[in-house]
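Student: I have a structure open and I'd like to learn how to read it. Can you take me through it feature by feature?

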Amino acid sequence: ALQNAELGKRAPRWIRDNEVTMCMKCKEPFNALTRRRHHCRACGHVVCWKCSDYKAHLEYDGNKLNKVCKDCYHVIIGCTDSEEKKRKGILEIESAEVSGNSVICSFLQYMEKSKPWQKAWCVIPKQEAVVLYMYGAPQDVKALATIPLLGYTVDDTPKSADLPHSFKLTQSKSVHSFAADNEELKQKWLKVIHLAVKGETPECQNELQVS
């Protein structure tokens, strides 16, 4: 993705129409009749007509007026109200929003049943400190899965030598395995999860934000 400073200066990579089922800004599903797909000429995202109803001069296109999405419009025209500032500093319910206001968030390896391990961006948001959100990446606008942590049992003894910093959450038949990159990160997650499974939230709401 283009950085904010490069918006409009370089042509973006266009996300293909068939790569999305919903507007990448407002998350409304596309359907044949009401929601035609439009591309933001600044960031290349696929958006619906409502979210593409903005125009800005783009440097890479000889400063001609081009259709852009609302977010790019604000960045390009240099709108700096506090809301925009807040969004820029954090990773873009949206992953960016929950990550920016989370008890803890970081990448963890995740395994379900006998599927292979996969990397997931995991977030426990402050406003729901008993739910674990999992995203494919920090910029995704929709979570892949959520795990309501209440009532889970935590097993923090690693079973695998390859992933020494792993832990497991189990509740009757569902088992979720996670692995952190290091012991310190694992302990940070366990501190929050041990509270969450009892329905408690961390006292210190300092962000345990891990990039």
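Student: How many helices and strands are there in the protein?

Tutor: There are four helices and 12 strands. Keep in mind that this is a predicted model.

Student: What share of the residues is buried?

Tutor: Of the 211 residues, 40% are buried. The protein exposes about 12000 Å², and 52% of that area is supplied by carbon and sulfur atoms.

Student: Now the inside. How do I read a nonpolar core?

Tutor: The general idea first: in soluble globular proteins, nonpolar side chains tend to be buried together. Here, the largest nonpolar core has 25 residues. Cys122, Ile124, Leu132, Leu149, Phe178, Trp189 and Ile193 have the most contacts inside it.

Student: Let me zoom in on one member. Which residues does Leu149 touch?

Tutor: Leaving out residues up to four places away in sequence, Leu149 touches Ile124, Val130, Val131, Leu132, Leu169, Ile193, Ala196 and Val197. There is also a second, separate core, with 19 residues, including Val20, Cys23, Phe30 and Cys48.

Student: On to charges. How do I read a salt bridge?

Tutor: Side chains of opposite charge can pair when their charged atoms come close. In this model the count comes to five salt bridges.

Student: Which parts of the chain does the Asp71 and Lys25 pair link?

Tutor: Distant ones: Asp71 is in helix H1 (residues 70-76), while Lys25 is in the segment before strand E1 (38-39). The two are 46 residues apart, yet their side chains meet at 3.3 Å, N to O.

Student: Is Asp71 buried or exposed?

Tutor: Asp71 counts as buried because its relative accessible area is 14%, and the cut-off for buried is under 20%.

Student: What about Glu19 and Arg13: how far apart are their closest N and O atoms?

Tutor: They are 3.9 Å apart, which counts as a salt bridge because the rule asks for within 4 Å. Arg13 is exposed, at 55% relative accessible area, whereas Glu19 is partly exposed, at 40%.

Student: And which residue forms a salt bridge with Lys115?

Tutor: That's Glu112, with the closest N and O atoms 3.3 Å apart. Glu112 has a relative accessible area of 24%, so it is partly exposed.

Note on methods. Residues are numbered from 1 along each chain as its sequence is written. This is a predicted model: local features need pLDDT of at least 70, side-chain atom pairs count only at pLDDT 80 or more; totals for chains, interfaces and linings use all residues. Side-chain values use heavy atoms; hydrogens and water are left out. A nonpolar core is a set of buried Ala, Val, Leu, Ile, Met, Phe, Trp, Tyr and Cys residues joined through side-chain atoms within 4.5 Å. Buried means under 20% relative accessible area, exposed over 50%, partly exposed in between (1.4 Å probe, protein chains only). Contact means heavy atoms within 4.5 Å. Accessible areas come from the Shrake-Rupley method with a 1.4 Å probe; for residues, only the protein chains shown count as cover.
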